[in-house]
Amino acid sequence: MDQLRDKYITAIANAADEAALEDLRVQAVGKKGEISLKMRELGRMTPEERQTAGPALNALKDEINSAIAAKRAALADAALDERLRGEWLDVTLPARHKRRGTVHPVSQVTEEVTAIFADMGFAVAEGPRIDTDWYNFDALNIPSHHPARAEMDTFYMHRAEGDDRPPHVLRTHTSPVQIRTMEAEGAPLRVICPGGVYRADYDQTHTPMFHQVEGLAIDRDISMANLKWVLEEFFAAFFEIDGIKTRFRASHFPFTEPSAEVDIQCSWVDGQLRIGEGDDWMEVLGSGMVHPKVLRAGGIDPDEWQGFAFGIGIDRLAMLKYGIPDLRAFFDSDLRWLRHYGFAALDVPTLHGGLSR
Amino acid sequence: MKFTLSWLKDHLDTEASLDEITYALTDLGLEVEGVENPAARLSEFTIGKVVSAEKHPDADKLKVCQVQTDAGMSQIICGAPNAREGITVVIAKPGVHVPGIDTTIGVGKIRGVESHGMMASERELELSDEHEGIIELPSGEVGETFTDWLAANDPAKVDPVIEIAITPNRPDALGVRGIALDLAARGLGTMKPAQTAHVAGDGPCPITVTIDDDTRQDGCEVFAGRLIRGVKNGPSPQWLQDRLRAIGLRPISALVDVTNFFTFDRNRPLHVFDADKVQGNLRIHRTQGGETLTGLDEKDYTFDAGQVVISDDNGIESIGGIMGGLATGCTGETVNVFLEAAVWETVQIAMTGRALKINSDARYRNERGIDPAFNMEAVELATQMIIDLCGGTASDVTVAGEVPNVSRSYRLDPARVQSLVGMEIPEAEQRKTLESLGFKLEGDMAWVPSWRPDVQGEADLVEEVARIASLTRLEGKPLPRATIGVPKPILSPMQKRQQVARRTAAALGYNECVSYTFIDHTAAQLFGGGDDATMLENPISSEMSHMRPDLLPGLLQAAARNQARGLNDLALFEVGPAFHGGEPDEQHLQVAGLLVGRTGPRDVHGASRPVDLFDAKADVEALLSALGAPAKTQVLRNGPGWWHPGRHGAICLGPKKQLAIFGEINPRVLSELDVKGPAVAFSVWPAEIPAARRKATTRPALELRDLQAVDRDFAFIVDADVEALTLVNAAAGADKTLIENVHVFDEFIGGSLGEGKKSIAITVRMQPTEKTLKEADIEAVGAKVVEKVQKATGGVLRG
């Protein structure tokens, strides 16, 4: 029996291919194979002989079967290896092209600002870009003769002959949205109003359309100290710099009283602006306590309610945070610019995941 | 508003440094825009004495001077004709920068002789245009700095000029005294007493003044004037000329310079007429419309009706409170002068000034508001100054109208400062602040000074207190959350749609653009806009004249610009408003996408191909799906003319509810906008998509079938104009429970089918629910499919 075993195990190990292996299988354990024949002889044996020869033959059959299976796998493996050796691609060739889209910095920064203020309970209010002069000026305590009107470089819409209403304007700020929201929702109120605004100005640092976000918080006891805290929290979160310093300076806006311009701490190193360090100040924002006349225009009783408002440029925030040099390029849609300064589709700013990557 | 430090010190007694003053000004709300300190650029120049001056051995016009300086004896070569022994000079040692020639002095040889510095002329130091010779000082010690010498002997030359921005509410700060008052209130010094004058008249004024009845109201409140006879008008004294020059004004003559002085010193515009050119008396009245006047600026002005002017017997001579007329203006020959100080109604000044487009210092102040209570004092002070500078004798003052009473008071609520500003300021300090600004306190009522027209309520008192106390002292205080707990979402459904559309388009490979919302007339017309209602009255260029009716023209123009730069394969999108009219509610949200050129650069895989409308369709379907649009929609061909008429589809819910359009851009539009095709695009109107009906977050249970689905293919021959969707819908309708999906996998046009025919091949997937399908069941459904398709399209099964 051992001789038989050695013969087949050796032969199987030496089988060159699948066909030789199959031949061996037939020879050994096929219907008429050597081992099968031996098994047939079992019937003729004595019970004692059968007791030893039976299990031994079965074991031999199993051993040969598994040796064949193992060899077959080894042969297949070797064949695959052989095939794989021949299969070689130049993987340094370029892949099939996939376009990579981007989100514009104005949209990205608007979402960043929204994420921060949403956490402080501010909703987002929107309004029309073409608005009446009442919403854009009068309601904001800028009567028609007010010098601020002339200073704002307002775009006016054409008025048809015979239509005696004052011409509509392209909103010069998003403040008319504040009035509309006060009218619609009353107090208490917390909203930010982001969106495009217009001034008839075009040079190095001005474009006739740009973007602003204004904030408005109305309640019974909101003070300018709350405004300062909110802005400090905002700047720290937005610029992702803890403890960024701000400076409030008295100023004047017709729609707030008292009014303050707000500077943030910065420095200039080799012509590069750095926010949140150094001894210089950069003016970034106008703000103040909402003027009683403005509250009244929005249908809110100034004897009962008070609050703050502020306004800041979204494009400007984007320029400061992401080091974008030229405002005019924002609106030029140069593909190279869009790719360089744009954001990936899944870069959704959140407070838990961080505003920027 | 510009002023010099010494001018400020006429009114303010202060030891504060220039830096302290400028810091305080900005902090007070009088933002410093610039400081020009001549001393800073002259700080390195020192005084020296020329000990000897010998002719240069090799140059006739040069001298070799030995000069005593703080660094010992220096040899300096000089070409000035006045360089000579014994004079006191201003030295620039090597290394010093000379501003007038923008050069840093070095040690050098001039015609072979060494020179260790330079002796400066006035022009080289930017002190004047004088360059005839070097400066010869009448005094001064060797080594003394030149700026110290100037400060002691010619202070105007080193007087720092401060420029501040004045917000429209602060006319009082348009006079140097008003600025001084703010600084004094802040504690940076004390106010010097205001000058007073009284010049007794020698008889009635021969020129009388009247104000028409209709002009008293909203026109001219009061007009005071007097004649000063026998003046000698010439250049004003040096100190006055220096002051005016320092703040950028040109000295003209003593009489005119006096009026300019009061304009800037006390925010008090005045006017002087040459009395000999005035015919008869003066009358203040409203214009009829159409009259003309040549102003002092030598420009001609034509009046509208109702503007307020001053006339004599010859007609209009001056535009009240805005600009005098050339004909009656003062000149060097003026002997008799009529001085005017009036109070004009501010709104009328603003309107007239704007209508006539005159931006004078007088208009600027009169429209913001001058101190009416100062009117009569101003006449006296100006008279005194004219007599001091030009001599002459004054008549009595003639007055028309009345000085308006602007007195008013508001309650000072000390707690309001705490509540509104959030700063603790003791009541005593609040009262002191207001008093130092000129308010009079009676009990808790604060009477507003006559020069502060901006203070109109209690909130203004708070502002004054906080401003003087300094907002830099303000400490931030947390704003409590409006509600306790996790903040609720704040975006509206439409705001979410905008965000989803934007991020989906970017994920589909499009680059977001933000374009100007105004475009040129031609482009607007191409896209159904360009009418007068959407036209800007005052566009900054013809490229930006009309509000965009659609986002696509902006994207197409962007594509043309990119193509001009050699960037030809583009996928651009924009999310933003488009305008279907000129009223506030005539704006709607649009998402637009544009594909131009090829799907990508040529590549080894042969994957690059020109973009086609099915690219746009795939993307618009992805967008609609992301925005929650219903899966079942119609595709109509009723889009507007900027689409290719046969190659666009409008995705609709019924014939009137258009959710989106995709397709090729009409080649005519492409050529108008200089875009090289192919160009396909889509527009989506997110507001048209019906809102989701369900608020619940749970989804319907997933039904998975264990039974094998069966696919059967069919090919139909139909007329070429039969739409695949019609065929698909017909097939799907054959057995609505069994047929899960019908999918077009091939289209074949013409060839053996003959003209006007095409073949459409579909796969019908049948999903049994109860039992495995037998061949007979499948056959039955197949027959139904063929029958339905034939009925709907006339198509027959392809043999």
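How many salt bridges does the rule find across the interface of chain A and chain B? It finds eight (a salt bridge being a side-chain nitrogen of Lys or Arg within 4 Å of a carboxyl oxygen of Asp or Glu) across that interface. Keep in mind that this is a predicted model, where local features need pLDDT of at least 70, side-chain atom pairs count only at pLDDT 80 or more, and totals for chains, interfaces and linings use all residues. Residues are numbered from 1 along each chain as its sequence is written, chains are lettered from A in the order in which they are written, and side-chain values use heavy atoms, with hydrogens and water left out.

**The A/B interface**

- Contact here means heavy atoms within 4.5 Å, and 92 residues of chain A are in contact with 94 of chain B.
- About 7700 Å² is buried between the two chains, with carbon and sulfur atoms giving 57%; buried area is the accessible area (1.4 Å probe) that two parts lose on being put together, summed over both.
- R99(A), H158(A) and E257(A) supply 9% of what chain A buries against chain B, more than any other three residues.
- One salt bridge pairs D332(A) with R565(B), and its closest N and O atoms are 2.6 Å apart.

- UniProt, in an unreviewed entry, puts a "binding site" feature at E257(A); its positions are given in the numbering used here, feature names are shortened, and annotations may be inferred rather than shown by experiment.
- E257(A) sits in strand β7, residues 256–269 of chain A. Helices (H or I, at least four residues) and strands (E, at least two) are DSSP runs, numbered from the N terminus.
- Its relative accessible area is 4%, so E257(A) is buried; the classes are buried under 20%, exposed over 50% and partly exposed in between (1.4 Å probe, protein chains only).
- Setting aside residues up to four places away in sequence, E257(A) touches M289(A) and H291(A), plus L420(B), A459(B), D460(B) and E463(B) from the other chain.
- The peptide bond from E257(A) to P258(A) is cis, with omega near -5 degrees, and P258(A) is also in strand β7.

**Two other buried spots**

- G311(A) is in strand β10 (306–313) and counts as buried because its relative accessibility is 18%.
- The C-alpha atoms of G311(A) and S287(A) are 6.4 Å apart, though 24 residues separate them along the chain.
- T352(B), in helix α9 (346–356) of chain B, has 3% relative accessibility and so counts as buried.
- The T352(B) side chain makes a polar contact with that of Q348(B) at 2.8 Å.

- A187(A) to P188(A) is a cis peptide bond, with omega near -5 degrees; P188(A) is in the loop between α8 (175–185) and β4 (189–198).
- E240(A) isn't a glycine, yet has a positive phi of about 60 degrees; with a relative accessible area of 40%, E240(A) is partly exposed.
- E298(B), also not a glycine, has phi near 65 degrees, and at 60% relative accessible area E298(B) is exposed.

Methods:
A polar contact is a pair of N or O atoms within 3.5 Å; within protein, one must be able to donate a hydrogen and the other to accept it, and residues adjacent in sequence count only if both atoms are side-chain atoms.
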